[in-house]
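Please open the model in your viewer and keep the selection tool at hand.

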Amino acid sequence: MKDKEQFFFKIYNLGILKFGHFTLKSGINSPIYIDLRPIASRPDLLIKLSDLLLNEVPPHTFELICGVPYAALPIATALSLRSNIPLIIKRKENKGYGTKKMIEGIYKKGQKCLIIEDVITSGDSLLKTVIDLEKEGLIIKNILSILDREQGGIENIKNKGFNIRSLFRIGEVLKILEKKNLLKEKEIHIIKFFFQKKYIKNIQKKRISYEEKKEKIYHPIGKKLIDIALKKKTNLIFSADLIHSEKILELVNLIGDQICGLKLHVDIISDFSFSFISFLKKISLKKKFLLFEDRKFCDVGPTNYLQLHHGIHKISSWADVITVHVLAGSKSIENLNIPSNIGLITISEMSSYGRLSDDNYIRKALNISLKNSKVIGTVAQRKVDNRLLLFTPGIHFSDSIKNYKGNNYIHPNQAFIKKKCDFIIVGKAIYQSDNPKIVAENYRKAGWIAYENSF
């Protein structure tokens, strides 16, 4: 234990532990952030870390080593060099060109692979790596993590039948640091708060009901959307990516009872007019659904303002909800001067294959979303803070069209049960079908049942 303590003090001095307010990859709010990546810049510490890890698991129990992308990759590489056991590399996503392989390296079915994770919280990203490796026919029995945040991840992995060990637990290292007077009084207070909450395992990841969520959503449009969902028993938003207004009106008249929202791209409608908007508003009031304009405003604040209030579409005069990117930062959506009957939805994570937004960007986008009172929710494919409504695009029953035209599709069950989403967005599966009303009803029913089964 003394050897491990000395090693921890060395990596602690690299600044691996930070105190403050952070949104983790999973969407969980945390007062503590752990970043082990600086160790990669210290070869001596990588070697020492490898030796400590090798003491945790017998070398004869694995034939390959794989690090969870990407923070654990340099650790896994050092471990491979130190043990002379081959390394394989797991990609976060398919490159979309070349061999399009998810697993790189030399391996064969039936080989035993040791997985290395840096920090474990919920264990979700670790399980994604396990799934991809098992798809290749590899056998996973042993998993090693450097630090366990003690937020249910270890239990989650063990419940799946895997043997997982951690070099350090957050509780023990914080006690060590406090004993050595390496923590400020304010940080000690944060630690105590952390430990008061940590015993309620996965509390942030638990699904809460629409009724409970309504209490956490302050914007009137967010509350209104939830009320519609509860009254109509639907969480389905129809994405009408169509270019003719007559076709949109025809479809909406047909499926309006099945949806809680209609998502438009008015700039693709070839015969756009305000008479079309007038008809649409009447239908939305009659059939009780909200109008979403998916403009994805993505410019500096003044330009966003002009695009929202002016131009031929005058979006602010009729939309209930508008979507925005936050690439230009929080200021880009702070002064849009929108009335209280319009809510914002940020785009934190798109469903497109090969998207450029990484976990760091998504965390920042979620933080901006939480701090803006006009934001009712965000578009993402992961669990987010319960103060935001989660809208999940890329929904489809069929796996046969996976990655069709650059999109990653998921089933409603996965969206609600695994991603903990609140509303699903379905487009071409409905408007390209032979019977849109029946298909829309199938998605409405599937989405509602998935929501009810997600508790």
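Begin by selecting helix α2 (residues 43-54) and helix α3 (residues 73-83), whose axes come within 9 Å and cross at roughly 70°. Helix α2 is therefore roughly perpendicular to α3. Next, display the side chains where the two helices meet: α2 contributes Leu46, Ile47, Leu49, Ser50, Asp51, Leu53 and Leu54, while α3 contributes Pro74, Ile75, Ala78, Leu79, Arg82 and Ser83. Sorted by class, this contact has 9 nonpolar, 2 polar and 2 charged residues. Please bear in mind that the model is predicted.

The next stops concern aromatic rings. The whole structure holds 14 aromatic pairs. Select Phe7 and Phe168, a stacked pair with 6.5 Å from centre to centre and 10° between the planes. Phe7 belongs to helix α1 (residues 2-12) and Phe168 to strand β8 (residues 163-169), so that the pair links parts of the chain 161 residues apart.

Move on to Tyr210 and Tyr451, whose ring centres are 4.1 Å apart; with planes at 25°, the pair is stacked. Tyr210 lies in helix α8 (residues 210-216) and Tyr451 in helix α16 (residues 436-452), so this pair ties together parts 241 residues apart in sequence. Both Tyr210 and Tyr451 are buried.

Conventions. Residues numbered from 1 in each chain as written. Predicted model: local features only at pLDDT ≥ 70, side-chain atom pairs only at ≥ 80, totals over all residues. Heavy atoms only, no water. Axes fitted to C-alpha atoms, helices over the stretch in contact; angles between N-to-C directions. Helix = DSSP H or I, 4+ residues; strand = E, 2+ residues; numbered from the N terminus. Parallel < 35°, antiparallel > 145°, perpendicular 65-115°, else oblique. Contact = heavy atoms within 4.5 Å. Nonpolar A, V, L, I, M, F, W, Y, C, P; charged D, E, K, R; others polar. Phe/Tyr/Trp six-rings, centres within 6.5 Å; stacked < 30°, edge-to-face > 60°. Buried < 20%, exposed > 50% of the residue type's maximum accessible area, 1.4 Å probe, protein only.
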